[in-house]
Amino acid sequence: MIDSDVFVQSLQNLGVNFFTGVPDSILGGIIAELMNRRLYTPAVREDEAVGMAAGAYMAGKMPAVLMQNSGLGTSLNTLISLNMIYRQPCILIVSWRGQGGKDAPEHLVMGEVMPQFLDTMKIPHRTLTEKTAGDDFKWIAEIYQKQQIPVALIITKGVVKGLHP
Amino acid sequence: MTMRPEEGTLISRAQAMAAVLELLTDQPVIVCNGFPSREAQKIADRPTHFYMIGSMGNAPAIALGVALAKPNKQVVTFDGDGNVLMGMGTLATVGALKPKNFIHVVFDNEVYGTTGNQPTISNVVPLEKVAKAAGYAHVVRVLDREDLVYEFKDLLKQDGPSMLLVKVNEFQEEAERILLDPPDLTKRFMKAIA
């Protein structure tokens, strides 16, 4: 299991310096760590978070947006009609609720289709594991720099230490 | 439903926008999608303008991101009533974060003008009061050009977040689509505000 402070430090090491989003339980530890470091600007909807990140990017920041995968649905139009067409990159830290069909009913449909959904939207994505973490972060930064579009790092339950381990 | 425009508004959005742009110089301006962006491009195309062609409802969110990242620059967003209603949660985010350098100008014509003047609900929902309740430091509602100029000059001198809501009529200026490609708009804007 990756510690939340190691996770946040890894993103900061990539140059990420603007964090916003909407919480999820899987991301609880990461958000608590970001708040400890006074780095987190809370948003009320994921599309708003993506919009704020786009503004911060244009003002010289390297942004990351945290969200549960349901937020991909909420922010879809912003991702495709702002970020993709204007070439405004951001790092999406997305928790994979509903993975393997083991979750509350509202998460099951998105939990099942999320990888195909991201493929269809042409949003590059990779699922973080403890073993490959170094490569995963490197890959994220490369896509961000080269393609200048949103890139998603998927967080499954138990990979990053939460608030209630 | 009452008739629109509610209070017998005299000026068009383009006239109101021209009056505001005359008072601005090199402040970043995020302009919402639809005709407001086209009209701003026609009235005064400046590299500090970011014209949106999609992501309706997100203009103040983008402006907020710029304002937080550039706390020493006054950041302006041009918005519409349909846009504010769509992204109303952002009034709360702005009201809670209270960026002093954030000025929200809403051109309220009570219709979705770009899609054929279907009514919004801003004739019965006073958006500046929503912003005030959410925590904006100053909100003003104006109906004519003279008040607009007076109040906007005043807001430019004050700490925000502020909202200037201008009641405008439904008239839509003949204005062509946004000329630059979206990635070029991003680059131009980034260079201009760097």
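Of the 194 residues in chain B of this predicted model, 47% count as buried, where buried means 20 or more other C-beta atoms within 10 Å of a residue's own, exposed means 12 or fewer, partly exposed lies in between, and C-beta atoms are placed from the backbone. Local features need pLDDT of at least 70 and side-chain atom pairs count only at pLDDT 80 or more, while totals for chains, interfaces and linings use all residues. Residues are numbered from 1 along each chain as its sequence is written, with chains lettered from A and ligands numbered from 1 in the order in which they are written.

What about overall dimensions? A compact globule with 194 residues would have a radius of gyration near 16 Å, and chain B agrees, at 15 Å; that radius is taken over C-alpha atoms, and the rule is 2.2 Å times the number of residues to the power 0.38. Along the principal axes, the C-alpha atoms of chain B fill a box of roughly 45 × 35 × 30 Å.

Chain B has eight helices and eight strands, which are DSSP runs numbered from the N terminus (helices H or I, at least four residues; strands E, at least two). Six of the strands make an open, parallel sheet, ordered β2-β1-β3-β4-β8-β7; two strands pair if DSSP finds at least two bridges between them. At the edges sit β2 (49-51) and β7 (138-142) of chain B, each pairing on one side only. Inside the sheet, β3 (75-80) and β4 (102-108) of chain B pair over six bridges, and B:Asp79 stands opposite B:Val106 in β4(B).

| Helix of chain B | Lies across | Angle |
|---|---|---|
| α3 | β1 (29-31), β3, β4 | about 175° to β3(B) |
| α6 (127-134) | β4, β7, β8 (162-167) | about 175° to β7(B) |

Now the two chains together. Their contact takes 26 residues from chain B and 25 residues from chain A, a contact being two C-beta atoms, placed from the backbone, within 7 Å. On the chain B side, α3(B) supplies the largest share, eight residues.

The largest nonpolar core has 102 residues, and those with the most contacts inside it include A:Val65 and B:Val166; such a core is a set of buried Ala, Val, Leu, Ile, Met, Phe, Trp, Tyr and Cys residues joined through C-beta atoms within 7 Å. Helix α3 (59-69) of chain B gives the most to this core, nine residues.

Notes:
Axes are lines fitted to C-alpha atoms, for helices over the stretch in contact, and angles run from 0 to 180 degrees between N-to-C directions.
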